[in-house]
Amino acid sequence: MSPTKTSTLAADAITLAHRRFIVAENLSVALPPGRVTAIVGPNGCGKSTLLNGLARIHTPAQGSVLLDGKDIHTLPSREVARKLALLPQDNTAPEGLTVGDLVRFGRQPHQGWMKQWSREDQRAYDEAMTAADMEQLADRALDTLSGGQRQRAWIAMAVAQQTPLLLLDEPTSALDLGHQIEVFELIRELSAQGKTIAMVVHDLPSACRYSDHMVAMKAGEIIREGAPAEIVSPELVEQLYGVHCELTHDPATGSPLLINVRRASAR
Amino acid sequence: MTLPDKRTTITNIALFVVMLAAITASLAIGTLQLTPTEVALALAGQADPMTDLVVNQLRLDRTLAGLLTGAALAMAGCLMQTLARNRLATPGIIGIDNAATAFAVASVVGIGVSLAPSTMALTGAAVATALAFGLAGAKGTRGYRFIVAGIGIGAIAGSATQVLLSRVAIDTANAAYPWTVGSLNARSDQSVLVLAVGLGIGYLALMGISRALNTLQFSDPVAIALGTRLRSTRVLGLGLSVLLTGLAVSVCGPVGLIALLAPELARTLCRPGKVPLTASALAGATFMVTADLLGRTLFSPLEVPVGIITAIIGSPYLLWILLRPSQRSPT
């Protein structure tokens, strides 16, 4: 994989609102370069909103999102697209679109009026297909793939964009265990190649296992931030999800593991 | 995404050939039956005066008007479908055709305004779009509100046209009638010229934003993530759709179904993932010329307006398209 330049992405005191309803106020967060950051929290805590804010899908009512120190909304859209790729939750595609054609869309920010499909585009495309292990499926229509394969195809498109930053909104939400692992391991590989990654993850144990940095949100606020092994505690879990649990460590990987999870009111 | 795309190229070439055949037929068939060779000779200026008059004056003008209006309506339809991400959202369905007609009829029957039909039709198209857009609220061209608002506006504009026609002298109403159902009979040379210029500009502009238009087939977050400036692309696309529809309606009236049928056909033939603007234009031009040819020859000397022919042929085809099960099979 070709070396990617690094870029930094941070939110500086942003307030995010849906119409007049404020979802999150005064959030500041910086993604540690070259690491995988997981944003966790209960339903409706604003984690997807934060990710969409970072990805400039959602314009903050106040504050600014800084890409390499500059306000992301003042930068040309294509320039941003060469530094930041996004895997959104709603990823519907035109009927009959093939994997190869989808992944080629990832090269769009690098092309221009005069600049047609170049050798560099082809190389980036090949690398992305290899990284996501999609070569065999290049000519298949997306709607004929399994959920895990489809998700890998979308990640391949984001990889073909060759951006130093990659944001993923619940990349494994509708997948079974095998497909989840498939996607998470791909994310780890991309991180090992130097990408800075942030992802919204629903499942706390997966977030512990596959992230280096964790941002825990509740009711629109960031309540803890740090390495999973340091911040995940029975207290935090109760605060986030209103459940009691005990904490141990995965004997194989050492990542925090929740056991004996039960409703808080049951005790 | 621009990889050499064989399927689209082949489709465009094939559609172009079919279009040439339709043009030839349109020039050859009529009260005076000609062979393709005679047509070619006439076009080269080497025919007898009678043939020369029929081909180069009568039929060529009409065929050109058919080509231009068909191409413009089809491209406008393809564009509007893409912007609304809904195959039903053509300018005809959301009332733009009707509004353009109402305004143009107003100028023809003369209610104190003497603006050229082109200008009036454009104004009507723009007013209808702005109204539909405004009534749809924050959701923009997305979702059913835009379509439902447009259908309402189209109905109002349609009845306005009827009211206008019912209040003028019978001769004026008769003169305007073929045009309100969609016909190439009531065209003015000036409107055709304006349409030709508008179509040229519109086509070039659309090719300029075709890459951005392609990304609009995905959800908004995906389009933004790929670097598309959503708002400016939408506004420009909507503006071009209004321009093409307005100018075409000022020539032929509301031949709405072309905008629905041609892009459907183009989409079936072309490679998925790209907005098939060129193929739509070629298919639309062919549909229009063929339908007009049928209209003026089937019951000759009686002439059936082209709008009625497209409705008769188009409606079953449309039903078939909408009701057929998805045909994409695993490859």
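## Annotated segments of chain B

Over residues 235-262 of chain B, the chain is 86% helix and 0% strand. The end C-alpha atoms of that stretch are 34 Å apart in residues 190-214, but 23 Å apart in residues 235-262. This is a predicted model. Residues 190-214 of chain B are 96% helix and 0% strand.

Both stretches come from a UniProt record. The unreviewed entry places the feature "transmembrane region" at residues 12-34, 64-84, 96-115, 121-139, 146-170, 190-214, 235-262 and 304-323 of chain B.

## Overall build of chain B

Chain B has 14 helices and zero strands. Along the sequence, the pattern reads α-α-α-α-α-α-α-α-α-α-α-α-α-α. The radius of gyration of chain B is 20 Å, close to the 20 Å that the globule rule gives for 331 residues, so chain B is as compact as a globular protein of that length.

The C-alpha atoms of chain B fill a box of roughly 60 × 50 × 35 Å along the principal axes. Of the 331 residues in chain B, 53% are buried. Take the contacts in chain B between residues at least 6 apart in sequence: 75% of them join residues at least 24 apart.

## A loop residue, Leu32(B)

Leu32(B) sits in the loop between α1 (6-28) and α2 (36-43) of chain B. Leu32(B) has 14 other C-beta atoms within 10 Å. A residue is buried at 20 or more and exposed at 12 or fewer, so Leu32(B) is partly exposed. Thr310(B) lies 278 residues from Leu32(B) along the chain, and their C-alpha atoms are separated by 24 Å.

## Where chain B meets chain A

The contact takes 33 residues from chain A and 21 residues from chain B. On the chain B side, α9 (210-215) and α10 (220-225) each supply at least two residues. The most comes from α10(B), with four residues. By class, this side of chain B has 10 nonpolar, eight polar and three charged residues.

## The four-stranded sheet of chain A

Chain A holds an open sheet of four strands in the order β2-β1-β4-β5, with antiparallel pairing. Its edge strands are β2 (21-30) and β5 (70-71), each pairing on one side only. Two bridges join β4 (residues 62-67) of chain A to β5(A) in the antiparallel sense. Leu66(A) stands opposite Asp71(A) in β5(A).

Helix α1 (residues 47-54) of chain A lies across β1 (9-18), β2 and β4 of chain A. The helix runs at about 120 degrees to β1(A).

## The six-stranded sheet of chain A

Another open sheet in chain A has six strands, ordered β6-β7-β8-β3-β9-β10, and the pairing is mixed. The edge strands are β6 (84-87) and β10 (221-226) of chain A, each pairing on one side only. The twist averages 15 degrees from one strand to the next. Strands β3 (residues 36-40) and β9 (residues 213-218) of chain A run parallel, joined by four bridges. Ala38(A) stands opposite Met214(A) in β9(A).

Which strands of this sheet does α1(A) touch? They are β3, β7 (165-169), β8 (196-200) and β9 of chain A. The direction of α1(A) makes about 145 degrees with that of β8(A). Helix α6 (residues 177-192) of chain A lies across β3, β7 and β8 of chain A. Its direction runs at about 155 degrees to β8(A).

Technical notes: Residues numbered from 1 in each chain as written. Chains lettered and ligands numbered in written order. Predicted model: local features only at pLDDT ≥ 70, side-chain atom pairs only at ≥ 80, totals over all residues. Contact = placed C-beta atoms within 7 Å. Nonpolar A, V, L, I, M, F, W, Y, C, P; charged D, E, K, R; others polar. Rg over C-alpha atoms; globule rule 2.2 N^0.38 Å. UniProt positions renumbered as here; feature names shortened; annotations may be inferred. Pairing = 2+ DSSP bridges. Axes fitted to C-alpha atoms, helices over the stretch in contact; angles between N-to-C directions.
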